[in-house]
Amino acid sequence: MNINSNTELYGIFGMPVRHSLSPVLHNAAFLQAGINAVYLAFEPGTIKEALDSMRTLKIMGASITIPFKVDAIELLDEIDPVSEKIGSVNTIKNLNGILRGYNTDGAGAVKAIEDLGIGTEGSKVLIIGNGGSARAVAFTLLDSGSKLVIAGRNPERVEALAGDLKRHGNHVDTALLSDTDGGFMKDVDIVINTTSVGMSPDSDNTPIDCGLISARNTVFDIVYNPHETRLIRESMAKGCRVIHGIDMLINQAARQFEIWMGMKAPAGIYRETAYRHIF
């Protein structure tokens, strides 16, 4: 990488972000595509400070992660229709001082499912969680024709997300994790964990009792550190098809590249770089 006075700056805003693979992935992609740009990690005190810096320093694009995905929306000049519906952004493009927000999380998750040869239309999907990632995945799956069950431990938050989803589609139910049992699970096709349960160093925990999962389920854990969470390991042992969190990360990052650069992403380098750094 040859950094000079014409090098464009991109980055990720979050707290914390020092664990993030995004700088490794995007810098490898810039190098592969011959783009004179560098991508760095930032931990700003507030998202307002970060967005002001984008305008002042002409930072051309940014990834947004916890805890800023929702708060950023009110401070942007424009957001795309997908982000408006989801209620959060994870990507910002600087268009000559006009900051426009996007969300690539949902599309990244659905592509990871479809890349395994699994259709989402008509599938019953149990989504565990109700935060920003859950919203992105749920709205995108609803648009693709899935039947959703939003599950969690907090009934108010579960119902709040389900209520937002029901304004856009009819196939939305809710469940408390404490009420799920084998009978409930027999109609579920895909299980998706959108929470941080199972993330290192809390890698001994699972978001759902793995005894409820059977070989008919496809199990998707968006956690990518560790690569094989306990949920994934126990699901594999039961013969389930599984989807790793790193696949969603790769897909959403490649889509960010395309938004920023207006060209097709070097998808192969994203995958090669990600897997090289997690093993």
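Let's start with a group of rings: Tyr-10, Phe-30, Tyr-39, Phe-257, Trp-260 and Tyr-270 together make one aromatic cluster. This is a predicted model, in which local features need pLDDT of at least 70 and side-chain atom pairs count only at pLDDT 80 or more, while totals for chains, interfaces and linings use all residues. Residues are numbered from 1 along each chain as its sequence is written, and side-chain values use heavy atoms, leaving out hydrogens and water.

A pair of aromatic rings is described by the distance of the centres and the angle of the planes. Rings of Phe, Tyr and Trp (its six-membered ring) pair if their centres lie within 6.5 Å; planes under 30 degrees apart count as stacked, over 60 as edge-to-face and the rest as tilted. The structure has six aromatic pairs. In one of them, the ring centres of Tyr-10 and Trp-260 are 5.3 Å apart with planes at 50°, so this pair is tilted. Tyr-10 belongs to strand β1 (residues 8–13) and Trp-260 to helix α9 (residues 245–261), 250 residues apart. Here helices (H or I, at least four residues) and strands (E, at least two) are DSSP runs, numbered from the N terminus.

Now look at Tyr-39, which also forms a tilted pair with Trp-260, at 6.1 Å centre to centre and 45° between the planes. Tyr-39 lies in strand β2 (residues 37–42) and Trp-260 in helix α9, so the pair ties together parts that are 221 residues apart in sequence.

Are these residues buried or exposed? Buried means under 20% relative accessible area, exposed over 50%, and partly exposed in between (1.4 Å probe, protein chains only). Tyr-39 has 1% relative accessibility, so Tyr-39 counts as buried. Both Tyr-10 and Trp-260 are buried too.
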